Amino acid sequence: MKSAVETLNPTRVRLTVEVPFEELKPSLDAAYKKINQQVTVPGFRKGKIPARVIDQRFGRGAVLEEAINEALPKFYTEAVTEGELSDSVLGQPDVDITEFNDGDELKFTAEVEIRPTIEIPDYSGIEVTVDAIEVPEEDVDTSLEQLRDRFATTTPVERAAAEGDVVVVDLQASVDGKVLEDGVATGVSYTIGSGQLLDGIDEAVTGLEKGGTATFTSSLSGGTGAGEEAEVKVDVTDVQARELPELDDEFAQLASEFDTLEELRADSRKRLERIKTYDQATQAQEKVLDALIELTEVPIPEKLLESEIETRTHNLEHHQFPALGLTWDTYLEREGKTREEYDAEVSAQATKGIKTQFILDELVKSEKLSVNQEELTEHLMRRAQSSGMSPDQFAQAVVENNQVQVLVGEVARGKALAVVVEAVKVTDSNGEEVDLSDEEDEDAETVEAASDADAGTDADDAADETPESTEQSDKA
């Protein structure tokens, strides 16, 4: 077999392959054997039909076609290896048989997309500004109020319900006069003004006493009536006043391990500072990544981009829409976008995701970064926690879906981004230089934010929805 590689553009090559007929003989023998097992000819036992009889009854052309179909993947793979493209090809090739006659050599071409050659520029001059770590007193106050709210108690009252009260209600939703199969709920506790149930319920129950009834119209966000206007009947079975504990030392002892409110307040401040520090590091990573992408010329493989856009849109339409009870119309209305604006946005996200992977993968190679078992295990634990699965369940899903290398890639890219962040200048909004060299953020969350298949929505990731893009294509 002979092969040659022709570069069509920075992301696409054409392989020209010539295969002597004798090298097709194993595939030809396999074709006869396969057809032998599939057909019956009177006078011959199954599997014992001579080749000449198969040629006469079914045609030599059918056998040659079967042989070529069986042989092409092997010869294509050999040509990729000869052309030193094994680590570069993306997706499936477009194969065209250019010449073949029975007994003569087989000639074919295979056009396939490849990873572009990327030159990482000097990034040491990158400078970014991030928010300063500041925790105003009102943030501490809000944190304590949220904790206080968790320890609120309720007391039944014989009066009309008002904002802030808890009402226990029975609900019945109807569409076009028919009660929905899943439109009945009883004993639902709801805090008036929280906005955590149905639009319109606050106005409906405010002013009602125990035993009161009202109806209101609301657009359903989930269930069998998702996206439809429903008439909802609400019966108030109890009204309860919420009582918040006093913010004092006794509350600190109740809600925490601290003896005084001052100690609890100081701990709340430290916790908020840790959150701000993490947010600052994440912001720095995002800005540094954006700057690196801006500096680096990255040709985008056309079919890979099309596939990534299709994957993101498919996940949105077939996984996230059903979970949220949305349609394209309700989603676009909620987001305040047209379909054209959505398409442009997801194309930009997909493009950034592909560039991110290409650049950071190149850095992984140039910096000779590797991932050890401990790093992989830590990352798996974090991913399991964010997915709501146990580590064992998540690990099993990763193995079953052949996604181990995807996780390895995530960790490696996180380490590559950390190398860049440590080399650039990061200052906060107060003009102070920020040292991120000790930040251990190897879980690639910022990287995945750029390349994940979330299509810009707030839906939860499915446990088995690992990043698409180049890793999926490399395996194709």
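**Entry 1: a charged pair in the hairpin**

I began with the side chains of glutamate 6 and arginine 14, which meet in a salt bridge at 2.9 Å, N to O; I took a salt bridge to be a side-chain nitrogen of Lys or Arg within 4 Å of a carboxyl oxygen of Asp or Glu. I am working on a predicted model, in which local features need pLDDT of at least 70 and side-chain atom pairs count only at pLDDT 80 or more, while totals for chains, interfaces and linings use all residues. Residues are numbered from 1 along each chain as its sequence is written, and side-chain values use heavy atoms, with hydrogens and water left out.

I then looked up the exposure of both partners, where buried means under 20% relative accessible area, exposed over 50% and partly exposed in between (1.4 Å probe, protein chains only). Glutamate 6 is partly exposed at 38%, and arginine 14 is partly exposed at 24%. I also noted that arginine 14, in E2, is the bridge partner of glutamate 6.

**Entry 2: the sheet**

I next followed the strands, which, like the helices, are DSSP runs numbered from the N terminus (helices H or I, at least four residues; strands E, at least two); two strands pair if DSSP finds at least two bridges between them. Strand E1 (residues 2-9) and strand E2 (residues 12-19) run antiparallel and are joined by 7 bridges, and the two form a hairpin with 2 residues between them. Within this pairing I found alanine 4 opposite threonine 16 in E2.

E2 also runs antiparallel to strand E4 (residues 106-114), with 8 bridges joining the two, and here glutamate 18 stands opposite lysine 107 in E4. What is the order of the strands in the open sheet? I read it as E1-E2-E4-E3, 4 strands with antiparallel pairing. E1 and strand E3 (89-99) are the edge strands, each pairing on one side only, and the twist averages 20° from one strand to the next.

Helix H3 (residues 60-82) lies across E1, E2, E3 and E4 and runs at about 60° to E4; the axes are lines fitted to C-alpha atoms, for helices over the stretch in contact, and angles run from 0 to 180 degrees between N-to-C directions.

**Entry 3: leucine 106**

Is leucine 106 buried or exposed? This residue of strand E4 is buried, with a relative accessible area of 0%. Leucine 106 and isoleucine 68 are 38 residues apart in sequence, and their C-alpha atoms are 8.7 Å apart in space.

Arginine 265 forms one with glutamate 137, the closest N and O atoms being 2.9 Å apart. Because arginine 265 lies in helix H7 (residues 261-295) and glutamate 137 in helix H4 (residues 137-150), the pair ties together parts that are 128 residues apart in sequence. Arginine 265 is partly exposed at 22% relative accessibility, and glutamate 137 is partly exposed at 41%.

The side chains of aspartate 141 and arginine 265 also meet in a salt bridge, at 2.5 Å, N to O. Aspartate 141 lies in helix H4 and arginine 265 in helix H7, so this pair ties together parts that are 124 residues apart in sequence. Aspartate 141 is partly exposed, with a relative accessible area of 35%. Elsewhere, salt bridges that share partners join Glu6, Arg12, Arg14, Asp94, Glu111 and Lys303 into one network.

**Entry 4: domains and the record**

The domain assignment, which is an automatic or database one, gives domain 1 (2-113), domain 2 (153-243) and domain 3 (261-451). I noted that the C-alpha centres of domain 2 and domain 3 lie 39 Å apart.

Last, I turned to UniProt, where an unreviewed entry places the feature "domain: PPIase FKBP-type" at residues 164-248; such annotations may be inferred rather than shown by experiment, feature names are shortened, and positions are given in the numbering used here. Over residues 164-248 the chain is 6% helix and 54% strand, with the end C-alpha atoms 22 Å apart.

Key:
Contact means heavy atoms within 4.5 Å.
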